[in-house]
Structure formats: structure tokens, C-alpha cells
Amino acid sequence: MAITLNPDQEVVKTVKEGLKQTGGYCPCVMERSPDTKCMCKEFREQIQDPAFEGYCHCMLYYKSKD
Ligand code: SF4
């Protein structure tokens, strides 16, 4: 299992700017809670899920199974 940044640097730049503006909360959702602090609960659960492979919701990170 590996977590990598999106190879598209424009996406990474945009999401990171969004994170800076929100103080680290997911820029893709309105809710501000510990669950939406990057890495958000949704992606943490996807990391734990052995069947999941793909991008987080904002497409900042990619999880590969191997
Ligand atoms: S892990 Fe991805 S979806 Fe979750 S808060 Fe961070 S950038 Fe957003």
C-alpha cells in the first residue's frame, strides 16, 4: 500500500492553496470538524479499506493497493 501525491502539479497546487485558506480543513466540503481535517476521515477510512484504490475526494492523494 502506498499514498502518493497526485502527479498533476496543478491539482496539488490548487488543493494545497485551498487547504491553506481553510487552515487545513478539506477544501472540498463545507463542514469544519476533526473529520474534515486533512487527511480527512473519509480518506483515512479508504486507506484502511483493503479493497480501495484511487484518489481522495479532492484528488490531492492517491492510494495504491501495492
Ligand atoms: S485527504 Fe483529500 S479529500 Fe481528504 S481533506 Fe485531504 S485533500 Fe481533502
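How many bridges join E1 to E3? There are 4 bridges, and the two strands run antiparallel. This is a predicted model, in which local features need pLDDT of at least 70, side-chain atom pairs count only at pLDDT 80 or more, and totals for chains, interfaces and linings use all residues. Residues are numbered from 1 along each chain as its sequence is written, and side-chain values use heavy atoms, with hydrogens and water left out.

**The sheet**

Strands (E, at least two residues) and helices (H or I, at least four) are DSSP runs, numbered from the N terminus. Two strands pair if DSSP finds at least two bridges between them. Strands of a sheet pair through backbone hydrogen bonds, either parallel or antiparallel. Here, 3 strands form an open sheet in the order E1-E3-E2, with antiparallel pairing. E1 (2-5) and E2 (54-55) are the edge strands, each pairing on one side only. Strand E3 covers residues 61-64.

| Strand pair | Bridges | Residues that stand opposite |
|---|---|---|
| E1 and E3 | 4 bridges | alanine 2 and serine 64 |
| E2 and E3 | 2 bridges | tyrosine 55 and tyrosine 62 |

Helix H2 (residues 41-48) packs on this sheet. H2 touches E1, E2 and E3, where contact means heavy atoms within 4.5 Å. The direction of H2 makes about 20 degrees with that of E3. Axes are lines fitted to C-alpha atoms, for helices over the stretch in contact, and angles run from 0 to 180 degrees between N-to-C directions.

**Two backbone details**

The hairpin of E2 and E3 has 5 residues between the strands. Methionine 59 lies in that loop. Its phi is positive, near 70 degrees, in a residue other than glycine.

Methionine 39 sits elsewhere, in the loop between helix H1 (9-22) and H2. The peptide bond from cysteine 38 to methionine 39 is cis, with omega near -5 degrees.
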